[in-house]
2 protein chains.
Amino acid sequence: MKVVALAGGIGGGKFLRGLVRAVPPNDVVAVVNTGDDLWMHGLRICPDLDSVTYWLGDAFDRERGWGRRDETFRATDELRRFDREAAWFGLGDLDLATHLYRTRLLADGRSLSEITGLVAARFGIVARILPMSDDDVTTRVDVVSFGQEMDLHFQEYWVQRGGRDDVKGVRFQGLDAARPAPGVLEALAEADAIVFAPSNPVVSIGPILGVPGIREAIEARRDIAVGVSGIIGGAPLAGMADRLMPAAGLEVTAAGAASAYQGLLRGWLVDERDRELAPRIERDLGIRVAVADTIMVDDDDAEAVARAALRLLGT
Amino acid sequence: MKVVALAGGIGGGKFLRGLVRAVPPNDVVAVVNTGDDLWMHGLRICPDLDSVTYWLGDAFDRERGWGRRDETFRATDELRRFDREAAWFGLGDLDLATHLYRTRLLADGRSLSEITGLVAARFGIVARILPMSDDDVTTRVDVVSFGQEMDLHFQEYWVQRGGRDDVKGVRFQGLDAARPAPGVLEALAEADAIVFAPSNPVVSIGPILGVPGIREAIEARRDIAVGVSGIIGGAPLAGMADRLMPAAGLEVTAAGAASAYQGLLRGWLVDERDRELAPRIERDLGIRVAVADTIMVDDDDAEAVARAALRLLGT
């Protein structure tokens with residue numbers, strides 16, 4: 001059963017750990033958000049691609065919640081002695097190797113999708129990881145802080161400033177001109193199932209759907225498309241969806257998250273805590289809703305969630 | 001007594017440790033070779049500037065002979081797992097902070113000389129360190145390996161390939177169009193002494209003298225210019241001058257090194273092992289030659305060498 005998963009970083013990575021246990025890993029293609037990517041100190045950093053890679057490669061630090069396990073921060077700690085302000089993005093020493101490798105290959109003219117495949121190979125990953133696009137897309141967050149309007153890179157909004165600003169809107173620079181990365185449309189066309197991972201609908205899945213051609217490809221196959229809500233009990237388990245969904249006109253509930261994918265889904269998996277929302281979602285969106293324990297503490301949990309999502313496609 | 005020292009990496013750094021004890025450090029300006037600089041994995045690396053900075057900042061690893069003390073190599077070791085070939089330039093984790101900091105500031109439009117000053121400040125260095133130029137100069141080494149001609153970056157020749165190839169010539173890309181960094185000509189004009197550190201005359205001091213304007217400025221002040229031979233007993237203490245000097249038509253002796261600076265020197269300091277060369281150098285170049293123990297094992301040795309060099313300017 002060939003499965004394409006649309007994924008952001010943390011929720012996506014966690015879910016994918018389970019998906020590659022629910023179906024053979026070489027049948028899995030992860031299409032990953034690149035809107036959060038940034039240039040930092042001359043290096044190209046792709047937070048969501050790296051999170052997914054580290055998760056699937058069993059190299060992710062689950063306790064810290066980002067970056068690699070057994071990581072050290074000698075370079076960043078030292079950089080802080082040069083300039084405290086400049087070192088706001090925590091680059092681990094092992095993690096730096098990924099960025100050094102990627103930046104060199106980009107300078108050599110290799111595409112992000114090729115490089116992503118090489119990085120995945122180093123971690124022994126059998127599933128295929130694809131960036132949503134090889135073209136640069138940049139998520140910008142318009143905020144107001146103490147009456148002052150600011151136009152921030154997503155990472156400035158979230159990591160540098162801790163997500164403390166009032167969000168007025170989210171924009172995706174370069175999205176209209178971006179093309180799906182090689183393999184993305186083919187994978188969607190050949191899939192037996194398309195799964196929206198429990199990632200942020202605005203800044204993780206949103207940019208993927210915004211790449212011209214991807215939304216249309218999924219619409220055409222909505223009979224095999226299901227999603228897992230990353231909003232549980234009216235709040236995201238992690239991240240800042242509660243701040244960004246209202247700015248995008250979405251209710252911060254499992255119903256609001258589903259409505260972000262209106263017209264693209266056959267089924268939607270919500271957490272047991274949101275059981276009472278199921279009838280409303282079914283009625284409003286005309287889709288099938290299932291209920292399960294969707295909190296993924298370990299890979300067994302993630303596998304159960306993946307299986308529950310795929311079961312929505314059964315007759 | 002204001003002193004300008006022309007310096008490469010190791011010999012230069014060692015010597016400068018002594019110079020800032022022989023005269024007040026705020027009277028010292030080091031003008032440093034940048035021909036070895038390179039882009040690597042997206043980062044700008046300035047090996048000689050960094051060596052001099054780490055020496056003067058007491059952060060150099062004297063045992064290893066390059067890089068920082070208490071260094072680790074987690075990022076480079078990990079990069080080697082991505083691509084063994086790509087990780088030939090050993091970037092330490094602490095050292096990486098310097099390159100990350102510099103690359104970011106270059107991208108922000110700051111000049112190399114400004115950045116060098118900021119890096120020196122982080123290490124509490126009182127002496128002034130200046131790149132020879134803010135413009136890019138690249139030392140290329142033409143070699144023959146098993147009958148095949150190759151045009152290598154200096155670091156490819158020396159670090160990646162271990163200096164094993166036959167050297168046919170050395171070229172400095174961009175040198176003719178390079179301008180002295182701000183402060184270099186002023187420092188030379190105001191100096192009470194100009195000292196050629198015991199660095200490689202071809203690839204360390206050579207590029208500095210090749211920046212249009214610098215040679216002329218030193219020529220005009222040759223009455224206050226002295227040098228220390230980095231060639232002792234017919235060989236360099238470290239490095240590859242024995243390979244490069246013949247390609248530049250220079251004898252690999254303290255006399256050959258002095259001849260590289262013909263017309264620019266008042267005095268030349270040679271090691272005791274080269275005592276018998278002194279009369280010939282004095283006769284051929286018409287300069288004063290002094291003899292001393294020039295091997296610098298510690299800062300006391302370096303101070304003695306600096307004092308002996310400056311004494312050549314006495315009456």
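Predicted model: local features only at pLDDT ≥ 70, side-chain atom pairs only at ≥ 80, totals over all residues.
## Relation of the two chains

As for confidence, the predictor assigns the complex an ipTM of 0.90 and a pTM of 0.93, while chain A has a mean pLDDT of 96, with 100% of its residues reaching 70 or more.

## The interface

In the contact between the chains, 27 residues of chain B meet 27 residues of chain A, and the two chains bury about 2,500 Å² between them, 65% of it on carbon and sulfur atoms. Of the area that chain B buries against chain A, 28% is supplied by B:Arg74, B:Phe82 and B:Arg122, more than by any other three residues.

A:His41 is placed in the loop between strand S3 (38–40) and strand S4 (43–45) of chain A, and with a relative accessibility of 4% it counts as buried. Leaving out residues up to four places away in sequence, A:His41 touches A:Leu79, A:Ala86 and A:Leu91 in chain A, together with B:Leu43, B:Leu100, B:Thr103 and B:Arg104 in chain B. Between A:His41 and A:Leu96, the separation is 55 residues in sequence and 11 Å in space, C-alpha to C-alpha.

## Nonpolar cores

The largest nonpolar core has 118 residues, and those with the most contacts inside it are A:Phe15, A:Leu16 and A:Leu19 along with B:Phe15, B:Leu16 and B:Leu19. A second, separate core of 56 residues includes B:Val167, B:Val203, B:Val252 and B:Ile281. Apart from its neighbours within four places in sequence, A:Leu19 is in contact with A:Val3, A:Ala5, A:Val28, A:Ala306 and A:Leu310.

Helix H1 of chain B (residues 10–22) has 13 residues and reaches 19 Å from its first C-alpha to its last, close to the 18 Å expected at 1.5 Å a residue. Because 10 of the 13 residues of H1(B) are buried, this helix is largely enclosed by the rest of the structure; among the buried residues are B:Phe15, B:Leu16 and B:Leu19, as well as B:Gly11, B:Gly12 and B:Gly13. The buried residues of H1(B) pack against strands S1 (3–7), S2 (28–32), S9 (193–196) and S10 (225–228) and against helices H2 (47–56) and H13 (299–311) of chain B.

In chain A, helix H13 (residues 299–311) also has 13 residues and spans 18 Å from its first C-alpha to its last, close to the 18 Å expected. Its buried residues include A:Asp299, A:Glu303, A:Ala306 and A:Leu310, and the buried residues of H13(A) pack against helix H1 (10–22) and strands S1 (3–7), S9 (193–196), S10 (225–228), S13 (267–271) and S14 (288–292) of chain A.

## A buried serine in a loop

B:Ser204 sits in the loop between S9 and helix H8 (205–210) of chain B. Its relative accessible area is 8%, under the 20% limit, and therefore B:Ser204 is buried. Not counting residues up to four places away in sequence, B:Ser204 touches B:Gly8, B:Asn33, B:Asp48 and B:Ser199.

Definitions and conventions
Residues numbered from 1 in each chain as written. Chains lettered and ligands numbered in written order. Heavy atoms only, no water. Core = buried A, V, L, I, M, F, W, Y, C linked by side-chain atoms within 4.5 Å. Buried < 20%, exposed > 50% of the residue type's maximum accessible area, 1.4 Å probe, protein only. Contact = heavy atoms within 4.5 Å. pLDDT = per-residue confidence, 0-100. Helix = DSSP H or I, 4+ residues; strand = E, 2+ residues; numbered from the N terminus. Expected span 1.5 Å × (residues − 1). Buried area = accessible area lost by both parts, 1.4 Å probe.
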